[in-house]
Amino acid sequence: HEAIIQVLSKSGMALTANEIAEQVNRLKLYKQRNGGQVPAGQISARINKYSKFFKIFRDCSPQKYGLR
(Lines give C-alpha, C1' and ligand atoms only; values in the text may rest on other atoms or scores of the structure.)
Protein backbone atom coordinates (compact mmCIF):
# COMPACT_ATOMS: atom_id res chain seq x y z
CA HIS A 1 0.00 0.00 0.00
CA GLU A 2 3.00 2.32 0.39
CA ALA A 3 3.49 2.44 -3.39
CA ILE A 4 -0.18 3.34 -3.86
CA ILE A 5 0.11 6.14 -1.31
CA GLN A 6 3.21 7.44 -3.10
CA VAL A 7 1.47 7.49 -6.49
CA LEU A 8 -1.67 9.17 -5.15
CA SER A 9 0.35 11.74 -3.21
CA LYS A 10 2.34 12.64 -6.31
CA SER A 11 -0.73 12.87 -8.55
CA GLY A 12 -2.68 15.12 -6.20
CA MET A 13 -5.98 13.72 -7.48
CA ALA A 14 -8.07 10.56 -7.43
CA LEU A 15 -7.06 7.84 -9.90
CA THR A 16 -8.51 4.55 -11.13
CA ALA A 17 -6.90 1.24 -10.19
CA ASN A 18 -5.59 0.97 -13.77
CA GLU A 19 -3.98 4.41 -13.57
CA ILE A 20 -2.40 3.59 -10.20
CA ALA A 21 -1.10 0.24 -11.48
CA GLU A 22 0.39 1.91 -14.57
CA GLN A 23 2.30 4.39 -12.39
CA VAL A 24 3.45 1.78 -9.85
CA ASN A 25 4.77 -0.38 -12.68
CA ARG A 26 6.29 2.49 -14.69
CA LEU A 27 8.12 3.82 -11.64
CA LYS A 28 9.02 0.26 -10.51
CA LEU A 29 7.72 0.96 -7.00
CA TYR A 30 6.61 -2.63 -6.43
CA LYS A 31 6.86 -6.01 -8.12
CA GLN A 32 4.99 -9.22 -7.44
CA ARG A 33 6.83 -12.12 -5.84
CA ASN A 34 7.20 -13.73 -9.24
CA GLY A 35 8.79 -10.54 -10.57
CA GLY A 36 5.74 -9.60 -12.60
CA GLN A 37 4.00 -6.27 -12.82
CA VAL A 38 1.23 -5.31 -10.44
CA PRO A 39 -2.26 -5.78 -11.95
CA ALA A 40 -5.09 -3.33 -11.29
CA GLY A 41 -6.96 -6.03 -9.35
CA GLN A 42 -4.19 -6.16 -6.79
CA ILE A 43 -4.33 -2.38 -6.43
CA SER A 44 -8.07 -2.57 -5.70
CA ALA A 45 -7.55 -5.39 -3.20
CA ARG A 46 -4.85 -3.46 -1.33
CA ILE A 47 -6.97 -0.32 -1.20
CA ASN A 48 -9.88 -2.28 0.25
CA LYS A 49 -7.63 -4.01 2.78
CA TYR A 50 -6.04 -0.75 3.93
CA SER A 51 -9.20 1.37 3.70
CA LYS A 52 -8.11 3.62 6.58
CA PHE A 53 -5.63 5.24 4.17
CA PHE A 54 -7.83 5.54 1.10
CA LYS A 55 -11.10 7.11 0.00
CA ILE A 56 -13.14 5.23 -2.59
CA PHE A 57 -15.21 7.28 -5.02
CA ARG A 58 -17.96 4.78 -5.84
CA ASP A 59 -20.00 7.28 -7.86
CA CYS A 60 -17.40 7.16 -10.67
CA SER A 61 -17.23 4.46 -13.29
CA PRO A 62 -14.65 3.07 -13.09
CA GLN A 63 -14.18 3.75 -9.39
CA LYS A 64 -11.50 6.21 -8.42
CA TYR A 65 -9.33 6.16 -5.33
CA GLY A 66 -7.77 8.95 -3.32
CA LEU A 67 -6.04 9.52 -0.02
CA ARG A 68 -7.93 10.19 3.20
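## Exercises: pocket, core and rings

The largest pocket has a lining made of His 1, Glu 2, Ala 3, Ile 4, Val 24, Tyr 30, Val 38, Gln 42, Ile 43 and Arg 46. This is a predicted model, where local features need pLDDT of at least 70, side-chain atom pairs count only at pLDDT 80 or more, and totals for chains, interfaces and linings use all residues. Residues are numbered from 1 along each chain as its sequence is written, and side-chain values use heavy atoms, without hydrogens and water.

**Exercise 1.** Describe the largest pocket by its volume, its helices and its residue classes.

*Solution.* 
- Step 1: take the volume. The largest pocket holds about 170 Å³ of space. A pocket here is an open set of points on a 1 Å grid over the protein atoms alone, where a 1.4 Å probe fits, with protein on both sides within 12 Å along at least five of seven lines; lining residues have an atom within 4 Å of a point.
- Step 2: find the helices. H1 and H3 each give at least two residues to the lining. Helices are DSSP runs (H or I, at least four residues), and strands are runs of E (at least two), numbered from the N terminus.
- Step 3: sort the lining. It splits into 6 nonpolar, 2 polar and 2 charged residues.

**Exercise 2.** Locate the largest nonpolar core and trace the contacts of Ile 47.

*Solution.* 
- Step 1: list the central members. The core has 16 residues, and Ile 4, Leu 8, Ile 20, Val 24, Ile 43, Ile 47 and Tyr 65 touch the most other members. Such a core joins buried Ala, Val, Leu, Ile, Met, Phe, Trp, Tyr and Cys residues through side-chain atoms within 4.5 Å.
- Step 2: assign elements. Helix H1 (2-11), helix H2 (17-26), helix H3 (40-49) and strand E2 (54-57) each give two or more residues to this core.
- Step 3: follow Ile 47. Beyond its neighbours within four places in sequence, Ile 47 contacts (heavy atoms within 4.5 Å) Ile 4, Ile 20, Phe 54, Ile 56 and Tyr 65.

**Exercise 3.** Is Ser 44 buried or exposed?

*Solution.* 
- Step 1: Ser 44 is in helix H3.
- Step 2: apply the cut-offs. Buried means under 20% relative accessible area, exposed over 50%, and partly exposed in between (1.4 Å probe, protein chains only). Ser 44 has 19% relative accessibility, so it counts as buried.

**Exercise 4.** Classify the pair formed by the rings of Tyr 50 and Phe 53.

*Solution.* 
- Step 1: recall the rule. Rings of Phe, Tyr and Trp (its six-membered ring) pair if their centres lie within 6.5 Å; planes under 30 degrees apart are stacked, over 60 edge-to-face, the rest tilted.
- Step 2: apply it. The centres are 6.4 Å apart and the planes stand at 35 degrees, so the pair is tilted.

Notes. Points joined across faces, edges and corners; volume = space filled by probe spheres on them. Nonpolar A, V, L, I, M, F, W, Y, C, P; charged D, E, K, R; others polar.
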